[in-house]
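Subject: Model for your files

Hello,

The structure I mentioned is below. My notes follow it.

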2 protein chains.
Amino acid sequence: MPLISIVVFQPEGKRVKIEVGSNLLESAKLAGVDLTSVCGGKGTCGKCKVVVEKMESVSPITKIEEEILTSGEISKGYRLACRTQINNSLIVRIPEESRTGKQRLQVEGIETPVKLEPFIRKYFIKLSKPTLQDPRSDFDRLMEELRKHYGVRDVGIEYEVVKPLASALRDADWEITVIVWDDKEIVNIESGDTTKRCFGYAVDIGTTKLAGYLLNLDTGKVMAVGSLMNPQIPYGEDVIARIAYKDHKELQHVVVEGINQILKDLCDKVGVGFGEVYEMTAVGNTAMHHLFLNINPKYVALSPYTPVIREGTDVKASEVGVEINPHGNVHALPVIAGYVGADSVADILATEIYKRDELCLALDIGTNTEVVLGNKDWMLACSCASGPAFEGAHIKHGMRAASGAIEKVTIDPKSLEVKYKTIDDAKPCGICGSAIVDIPAELLKAGIVDVNGTMNACPNLPRLREKEGVKEFVIAWKEETSAGGDIVITQKDLREIQLAKAAMHTGAATLMKEAEVTEKDIDLVFIAGAFGSYIDPGNARIIGMYPEVQLKKVKVVGNAAGTGARMALVSKTARETAEEISKKVKYVELANDPNFQNELMNSSFMPYADLSKYPETSKLLKKLGHYPKKSPPIM
Amino acid sequence: MPLISIVVFQPEGKRVKIEVGSNLLESAKLAGVDLTSVCGGKGTCGKCKVVVEKMESVSPITKIEEEILTSGEISKGYRLACRTQINNSLIVRIPEESRTGKQRLQVEGIETPVKLEPFIRKYFIKLSKPTLQDPRSDFDRLMEELRKHYGVRDVGIEYEVVKPLASALRDADWEITVIVWDDKEIVNIESGDTTKRCFGYAVDIGTTKLAGYLLNLDTGKVMAVGSLMNPQIPYGEDVIARIAYKDHKELQHVVVEGINQILKDLCDKVGVGFGEVYEMTAVGNTAMHHLFLNINPKYVALSPYTPVIREGTDVKASEVGVEINPHGNVHALPVIAGYVGADSVADILATEIYKRDELCLALDIGTNTEVVLGNKDWMLACSCASGPAFEGAHIKHGMRAASGAIEKVTIDPKSLEVKYKTIDDAKPCGICGSAIVDIPAELLKAGIVDVNGTMNACPNLPRLREKEGVKEFVIAWKEETSAGGDIVITQKDLREIQLAKAAMHTGAATLMKEAEVTEKDIDLVFIAGAFGSYIDPGNARIIGMYPEVQLKKVKVVGNAAGTGARMALVSKTARETAEEISKKVKYVELANDPNFQNELMNSSFMPYADLSKYPETSKLLKKLGHYPKKSPPIM
């Protein structure tokens with residue numbers, strides 16, 4: 001018999017029984033408490049910090065923890081949950097900084113008109129009762145009435161509907177609504193006339209966030225929207241960590257639980273029963289797509305990064321555990337490649353790149369950023385491991401877009417004074433994505449950092465200082481914050497931001513090289529993603545997140561992947577278009593490009609090594625008198 | 001806590017624990033021992049006789065038992081199992097007469113040539129491994145190779161095959177056999193080249209008997225055949241009793257267990273793995289069909305006797321629990337009406353009535369006898385509740401075609417001496433179906449019974465006697481038998497036989513009247529069924545089981561339903577033909593015919609009330625000098 005201990009997590013007070021020898025991250029998962037883990041328990045990300053009250057109840061501190069935690073933290077009882085084994089029952093506190101938190105979740109996206117042709121049709125029919133003179137089978141009786149009244153023919157019937165059909169017809173006294181999927185199969189029958197109640201559910205499965213939309217399939221209108229953090233996050237913050245997790249079924253199960261939770265909330269909000277929802281669409285990157293469908297995702301993460309299936313996939317709701325009507329259909333949109341998923345297909349659908357004359361560049365910013373370049377004639381796509389910097393991870397005071405997050409920062413180029421705005425106007429406790437774009441741009445415009453991202457010496461500027469050998473710039477002073485200290489951006493943070501934006505720019509530049517087009521040829525830039533509508537496209541351009549085009553050509557489109565999922569939910573044509581897109585888009589593997597490393601280096605400068613490619617930005621910075629202090633080397 | 005008793009069944013020595021208060025029939029079911037029950041435990045059939053050793057361990061004898069059991073039986077400890085509650089642990093003996101027994105089960109049927117077009121195709125392909133230059137999805141890679149090498153296109157893939165596809169391909173080192181169903185769907189992939197191993201399973205689900213055939217789908221040849229009593233028998237011997245049983249799921253489960261048992265035996269016999277069998281067909285009457293598919297059969301038994309579904313039905317093996325490959329397909333052939341099932345469709349397929357110029361009459365004899373009349377232009381069908389007399393039930397010394405059963409009887413018309421033959425040449429213990437046809441015919445020819453089935457007074461004939469007011473004729477004397485007494489046919493038995501054959505003849509006559517044809521118009525008579533190939537068609541004609549046609553026009557075709565199931569297993573065309581047959585055959589409800597009762601009365605005479613319809617039989621009997629003693633009244 002293994003020894004069992006009890007772990008209590010504060011402040012929730014959640015209790016969990018677990019075997020002695022298990023670690024605190026496992027206990028937190030078991031308890032279902034909110035604890036960040038980026039690396040999935042490998043002891044490398046340093047994000048799963050917890051405070052242990054009785055140190056004798058756990059294993060001694062490890063070398064890794066000594067390296068990652070400050071001596072101040074160690075003295076306060078901080079530990080990394082994934083490195084701390086349980087010897088005895090204990091109480092653990094999860095500090096605010098280790099929480100994924102209640103975020104402001106962006107679900108809105110552009111509205112793209114689409115032809116209303118839902119897959120689910122409802123037909124009300126009254127049947128004559130069988131007699132000795134007319135003893136047709138129940139199914140023949142039903143089918144002949146469908147033909148007679150609605151011209152519906154050549155449809156099959158789901159086996160699970162046949163089983164109870166006899167009593168269903170008689171219980172309904174032969175007045176029924178027949179639910180037909182794609183003019184092909186009867187998926188259910190309902191008692192009486194329910195034709196006015198026809199609903200669908202579209203879901204965007206982001207690595208970080210789930211967004212759900214409940215739609216009326218008769219009108220195509222959105223009835224309610226909702227979102228939730230992806231419950232897979234405790235298993236690792238990026239797709240690599242998720243794929244590396246030992247039990248994919250568990251990941252499938254938790255993400256479906258999240259999807260069901262949103263559905264429940266939306267249905268409750270507008271008075272719809274789950275059983276009235278017969279169709280769902282899902283988009284997500286290929287790893288999310290495979291995990292959701294219980295398809296082995298292992299080889300998506302291994303070179304040459306092949307998906308198992310590219311095509312759009314239809315499965316019964318009951319087969320994946322989604323709690324719309326169990327007879328309902330779940331359509332996962334097609335993917336393009338191992339690292340360019342159904343979310344990109346949905347982006348292209350929503351932005352209509354596939355039918356535009358204009359040359360378009362689209363970036364869907366996230367932990368992976370997918371880049372698409374093209375128009376109605378051709379499309380290229382790639383994926384860049386941009387990392388979670390813009391989601392607040394790997395940034396000293398980075399956090400998600402939750403209450404108290406600094407979301408907007410300006411620095412007066414003359415006085416060098418800092419202004420910021422926080423979410424909910426709460427006391428600041430960290431910096432979220434949109435401000436993580438603003439800060440380097442503002443520092444650049446103020447001349448505080450240089451073309452290569454290095455903080456200049458500014459002897460008379462108290463905000464710029466050096467601590468333990470690392471330069472940092474103070475955004476908010478201790479007394480203004482709820483963080484218990486100054487909120488700063490460090491030189492190391494700037495390097496992380498440069499790496500992230502360099503990856504994105506490299507993706508765009510590589511596609512442009514492949515297509516032999518230049519910045520001047522680009523007519524439209526779409527910026528999509530989880531913080532797409534909060535980002536300042538001007539500041540993003542200043543730091544060189546995307547090639548310099550005129551700002552009027554840049555459109556922030558919000559959660560375009562969600563828009564695409566909604567289009568595919570209500571329109572057969574949109575679903576067919578998605579299939580064509582998935583076939584037509586050519587995947588470009590960045591690692592195949594011999595110039596990839598050079599391009600990445602050039603892109604790490606702000607805005608870029610070759611300033612001739614950013615003439616407007618160069619002009620602006622020059623006008624402000626600060627820039628460039630020195631010319632970057634071009635690789 | 002309920003009190004538990006132990007019941008031991010002899011001679012098997014099977015033990016079962018059961019609650020005090022349960023009855024012995026329930027215990028027998030629980031123990032899985034062989035105990036006949038025709039009425040399904042209602043106390044009306046008197047077939048579930050058992051011998052109780054300690055009468056104080058059970059409830060007192062009931063009025064019903066006193067009526068049904070003889071005083072001799074009661075004194076020997078006989079009880080009806082369904083009327084006997086358990087008070088205490090006890091030993092129960094099941095006498096030979098109460099056993100369904102190990103029967104000689106007829107599975108062979110005519111061989112009808114059919115075009116070999118199996119639904120399952122296997123394709124061996126070698127795939128190139130993915131590279132960074134060729135990172136197509138696993139499914140695209142597979143599909144393109146299928147197209148290139150075999151011209152296979154537009155096939156889907158079963159979701160359950162997609163899930164493990166990535167590892168399946170890599171484990172097989174990219175050399176795989178793709179299993180495609182109906183050129184539509186990939187239902188599995190196997191490692192290496194397995195194209196030479198392609199098997200199918202055809203099953204005839206009789207009310208009484210299951211017959212199974214294992215086929216090589218590459219050659220269309222039968223590899224092994226087997227049969228088993230339908231394990232639903234303990235729940236009631238006829239379809240009405242089965243449908244009335246409270247738990248249809250239990251009936252589905254036990255019949256599938258039987259089907260799996262035969263499959264296991266056949267596979268073991270010829271060295272085939274269950275997983276190598278990807279296709280199965282099933283035929284049976286509509287009640288058996290619905291019960292097998294878990295479709296509510298309730299309304300099949302209630303006027304106007306509507307089936308739930310007429311069409312041929314495809315379900316995944318795993319959905320019904322059949323243990324061929326779980327990805328395999330089970331095709332239940334279409335039915336015609338509530339009382340004319342897939343077995344009739346299969347009969348028509350096997351006898352090729354649907355494409356013959358000749359006018360055909362087919363009888364598939366069983367507890368229900370299905371009658372079909374027609375040719376390539378039109379077909380009529382009906383069902384007659386002929387009852388189980390020809391299966392040995394309701395006949396005093398009736399038994400199934402097991403060892404020791406008298407299967408052939410002749411009576412010398414001069415000496416009135418009786419000769420008989422038993423199965424396995426064992427000492428006789430009862431009379432089985434084929435002899436149950438012979439005896440009345442022989443008695444008729446010998447002048448011992450008259451046109452209305454009444455035993456004449458024959459004072460000098462010791463075999464003909466009266467016992468307790470009922471006339472009986474001795475077939476085998478006590479000293480010849482293993483039954484412990486004379487084996488006789490009683491006047492009451494003759495009435496049962498007359499009722500059964502009258503039902504069959506009425507079915508045929510009603511269809512002929514409906515079609516406005518006479519005996520002279522009939523070119524072919526097919527006799528099919530569980531004892532079809534053992535029956536003497538001449539004797540069957542003498543008693544008037546079917547309208548008098550020349551004997552050379554009568555063909556005994558054995559288990560034609562099984563033949564039809566095998567044809568549909570190996571041939572897509574046969575399956576399409578079955579669908580057309582099921583639509584084309586017009587069902588005639590006997591109860592709708594105002595002349596039904598009169599026809600039944602006329603048909604109860606032997607051979608028939610109107611002797612002008614049986615000229616040859618009349619001539620024969622007249623020649624023998626015995627018949628008719630008096631003319632029957634024509635209704």
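Does Asp173(A) count as buried or exposed? Asp173(A) counts as exposed, with 12 C-beta neighbours inside 10 Å. The cut-offs are 20 or more other C-beta atoms within 10 Å of a residue's own for buried, 12 or fewer for exposed, and partly exposed in between, with C-beta atoms placed from the backbone.

Before the rest, the conventions. This is a predicted model, in which local features need pLDDT of at least 70 and side-chain atom pairs count only at pLDDT 80 or more, while totals for chains, interfaces and linings use all residues. Residues are numbered from 1 along each chain as its sequence is written, and chains are lettered from A and ligands numbered from 1 in the order in which they are written.

Backbone

Asp173(A) is not a glycine, yet its phi is positive, near 50°. Asp173(A) sits in the loop between α6 (165-171) and β8 (175-181) of chain A. Helices (H or I, at least four residues) and strands (E, at least two) are DSSP runs, numbered from the N terminus.

In chain B, Asp182(B) also has a positive phi, about 55°, without being a glycine. Its loop runs between β8 (175-181) and β9 (185-191) of chain B. Asp182(B) is partly exposed, having 18 other C-beta atoms within 10 Å.

There is a cis peptide bond from Met606(A) to Pro607(A), with omega near -5°. Pro607(A) belongs to the loop between α17 (596-604) and α18 (615-623) of chain A. In chain B, the bond joining Met606(B) and Pro607(B) is cis, with omega about 0°, and Pro607(B) lies in the loop between α17 (596-604) and α18 (615-623) of that chain.

Interface and symmetry

Chain A and chain B each bring 38 residues to the contact, where two residues are in contact if their C-beta atoms, placed from the backbone, lie within 7 Å. On the side of chain B that touches chain A, α4 (138-150), α5 (159-162) and α6 (165-171) each supply at least two residues. That side has 20 nonpolar (Ala, Val, Leu, Ile, Met, Phe, Trp, Tyr, Cys and Pro), nine charged (Asp, Glu, Lys and Arg) and nine polar residues (the others, Gly among them).

Chain B superposes on chain A by a rotation of 180° with 0.2 Å of shift along its axis, at an RMSD of 0.2 Å. This is the relation of a two-fold axis. Glu319(B) is the residue of chain B that comes closest to the rotation axis, at 6.3 Å (C-alpha). The copies meet through the same surface, because 100% of the interface residues of chain B are also interface residues in chain A.

Regards

Methods. Least-squares fit on C-alpha atoms with pLDDT ≥ 70 in both.
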